[in-house]
Amino acid sequence: MAFGDVGGAVTELVITCRTPDEGEVAIRKGDALKLVGPYTVSNIADDEDPVFGQAMADAALNDIALPVMVRGIALFAYEGAAPVVDGVTGVTASEEPGRVKAPAAGNGAGRNLKVDAAASVVHVLL
């Protein structure tokens, strides 16, 4: 599969997780996800929480299966200042559900490959 402006092979690792047993679930395909329990994910995170993966489908019910990409290139919507592309820095969770942001300290998850500031999207190698 070719990807990005240059192209090339991309290998993805998608695992099956589940939504939380209780509480509101409003996960959209492409959302950044946080691990909240054993194989359990949510798009609701606190500022600076680690990003676990990306939702590969929508989910609106409790305790259902959800495919999650944990390795590969994820395109995340970001909040705030544009993340840095330097070969080291990644992203952390934003308080806005499903979005990411540049880490306040440390490197965050993954490595940023490209930032599309006009669309507020960052390409992250997880």
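1. **Asp 21 and Arg 18.** Asp 21 is exposed, at a relative accessible area of 51%. Here exposed means over 50%, buried means under 20%, and partly exposed is the range in between (1.4 Å probe, protein chains only). Arg 18 is partly exposed, with a relative accessible area of 29%. The two residues form a salt bridge, with their closest N and O atoms 2.6 Å apart. A salt bridge requires a Lys or Arg side-chain nitrogen within 4 Å of an Asp or Glu carboxyl oxygen.

2. **Basis of the values.** This is a predicted model, in which local features need pLDDT of at least 70 and side-chain atom pairs count only at pLDDT 80 or more, while totals for chains, interfaces and linings use all residues. Residues are numbered from 1 along each chain as its sequence is written, and side-chain values use heavy atoms, with hydrogens and water left out.

3. **Arg 18 and Asp 63.** What joins the side chains of Arg 18 and Asp 63? They meet in a salt bridge, 2.8 Å from N to O. Arg 18 belongs to strand E1 and Asp 63 to the loop between E4 and E5, so the pair ties together parts 45 residues apart in sequence. Strands are DSSP runs of E with at least two residues, helices are runs of H or I with at least four, and numbering starts at the N terminus. Asp 63 counts as partly exposed, at 44% relative accessibility. The two side chains also make a polar contact of 2.8 Å. That term covers N or O pairs within 3.5 Å; within protein, one atom must be able to donate a hydrogen and the other to accept it, and residues adjacent in sequence count only if both atoms are side-chain atoms.

4. **Lys 34 and Asp 49.** The structure holds seven salt bridges. One of them brings together the side chains of Lys 34 and Asp 49 at 2.7 Å, N to O. This pair links distant parts of the chain: Lys 34 sits in strand E2 (residues 32-37), and Asp 49 sits in the loop between strand E3 (40-42) and E4, 15 residues apart. Elsewhere, salt bridges with shared partners join Arg 18, Asp 21 and Asp 63 into one network.

5. **Thr 19.** This residue lies in the loop between E1 and E2. Thr 19 is buried, with a relative accessible area of 0%. Its contacts (heavy atoms within 4.5 Å) include Val 25, Ile 27, Thr 40, Leu 61 and Asp 63, setting aside residues up to four places away in sequence. Which backbone atoms does the side chain of Thr 19 approach? The side chain reaches the backbone oxygen of Leu 61 at 2.8 Å. A polar atom of the Thr 19 side chain also lies 2.8 Å from the backbone nitrogen of Asp 63. From Asp 63, contacts beyond four places in sequence are Arg 18, Thr 19, Pro 20 and Asp 21.

6. **Pairing around E5.** Strand E1 (residues 13-18) and strand E5 (residues 65-71) run antiparallel, joined by six bridges. Two strands pair if DSSP finds at least two bridges between them. In this pairing, Arg 18 stands opposite Ala 65 of E5. Strand E4 (residues 53-55) also runs antiparallel to E5, with two bridges. There, Ala 55 faces Val 68 in E5.

7. **The E6-E10-E9 sheet.** These three strands form an open sheet in that order, with antiparallel pairing. Strands E6 (73-77) and E9 (111-116) stand at the edges, each with a single partner strand, so one side of each is left without a neighbour in the sheet. The twist averages 25° from one strand to the next. Axes for such angles are lines fitted to C-alpha atoms, for helices over the stretch in contact, and the angles run from 0 to 180 degrees between N-to-C directions. Five bridges pair E6 with strand E10 (residues 121-125). Ala 74 has Val 124 of E10 as its bridge partner.

8. **Thr 92.** Thr 92 is placed in strand E7 (residues 92-93). The residue is buried, at 5% relative accessible area. Its contacts beyond four places in sequence include Glu 48, Asp 49, Val 51, Val 100 and Gly 108.

9. **Two separations.** Asp 63 and Thr 92 lie 25 Å apart, C-alpha to C-alpha, and 29 residues apart in sequence.
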